[in-house]
Amino acid sequence: MAATLYTYPENWRAFKAQIAAQYSGARLKIASTSPAFTFGQSNRSPVFLSNFPLGKVPAYQGDDGFCLFESNAIAHYLSNDALRGSTPQASAQVLQWVSFADSEIIPPASAWVFPTLGIMQFNKQYRFPEELTMSFMSCNLITGMFQRLDKLRKNAFASVILFGANNDSCITGIWVFRGQDLAFTLSDDWQIDYESYTWRKLDVDSEECKTMVKEYFAWEGEFKHVGKPFNQGKIFK
């Protein structure tokens, strides 16, 4: 029997696991098209969410029932010692370069390469895309911002959510800072991507604020102010 990797067609994050399996010899079945798997439907089903509560892909399920999500973790699990590193030092170096790629290569590559492929349009005013056609690219935008704001973690907390689907998505979130003002302008190290978004201060005593905090922290609710379905969320802390 072979393990199953759930994903959508041409998901480059899933390629990590497929490449690792090719090199290690691990048997891997890809479920990316109907009827085996339909992204946006299958990953929202109760059965799928019982194994992968966040509904994210790629998602791995072994023939023994073992489940994993997050592409780096899946690739690591499917690798052999030659790929993982056969010593603690070698393993640490592998992790080092995987982390480097996620934080230093993928975000700028997303902004520079994908517009030339027609996946998204480029925003000439900022470094990142203004309009994203693929939801996974919108997720990369959130992740990239979080990674580059690492020095802000002790001074802020955020729940940022991607709503909608391919060709019809938006990003909104709630940020909590120390103090009363927008923190990004207070340090050169924090002035990352914030100008790409519209900001407004919530009244902590209002029902609107209470409802939004509850919905954004739980990742569930009506989200009446958005008008699009919840796709997935990310936490900055």
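The structure is a predicted model, in which local features need pLDDT of at least 70, side-chain atom pairs count only at pLDDT 80 or more, and totals for chains, interfaces and linings use all residues. Residues are numbered from 1 along each chain as its sequence is written, and side-chain values use heavy atoms, with hydrogens and water left out.

The protein chain has an average pLDDT of 84, and 89% of the residues score at least 70. Among its elements, strand β3 (residues 59–61) has the highest mean pLDDT, at 96. Strand β5 (residues 120–121) has the lowest, at 47. Over residues 120–125 the pLDDT is below 50, and the stretch has 18 contacts in the model beyond near neighbours in sequence. Where pLDDT is low, the predicted coordinates should not be read in detail. Helices (H or I, at least four residues) and strands (E, at least two) are DSSP runs, numbered from the N terminus.

An open sheet of 4 strands has the order β2-β1-β3-β4, with mixed pairing. Two strands pair if DSSP finds at least two bridges between them. β2 and β4 (67–69) stand at the edges with a single partner strand each, so one side of each is left without a neighbour in the sheet. From one strand to the next, the twist averages 20 degrees. Axes are lines fitted to C-alpha atoms, for helices over the stretch in contact, and angles run from 0 to 180 degrees between N-to-C directions. β3 and β4 pair in the antiparallel sense, over 3 bridges. Ala59 has Phe69 in β4 as its bridge partner. Helix α1 packs on this sheet and touches β1 (3–6) and β2. The direction of α1 makes about 155 degrees with that of β2. Helix α3 also packs on the sheet, touching β1, β2, β3 and β4. Its direction makes about 135 degrees with that of β4.

Leu28 belongs to strand β2 (residues 28–31). Leaving aside residues up to four places away in sequence, Leu28 touches Ala2, Ala3, Thr4, Leu5, Ala17, Gln18, Ala21, Tyr60 and Leu78. Leu28 and Asp63 are 35 residues apart along the chain, and their C-alpha atoms are separated by 9.9 Å.

Several loops carry particular backbone geometry. A cis peptide bond joins Ser34 and Pro35, with omega of about 5 degrees. Pro35 is in the loop between β2 and α2 (46–51). The peptide bond from Val57 to Pro58 is cis, with omega near 5 degrees. Pro58 lies in the loop between α2 and β3. Glu70, in the loop between β4 and α3, has a positive phi near 80 degrees, in a residue other than glycine.

Strand β7 (residues 156–165) runs antiparallel to β9 and is joined to β9 by 6 bridges. Ser159 stands opposite Ile235 in β9.

The elements that give two or more residues to the lining are α1 (12–24), α3 (71–78), α5 (88–112), α6 and β9. α6 gives the largest share, 8 residues. The lining divides into 11 nonpolar, 12 polar and 7 charged residues. Ala, Val, Leu, Ile, Met, Phe, Trp, Tyr, Cys and Pro count as nonpolar, Asp, Glu, Lys and Arg as charged, and the others, Gly among them, as polar.

Conventions
pLDDT is the predictor's confidence in each residue, from 0 to 100. Contact means heavy atoms within 4.5 Å.
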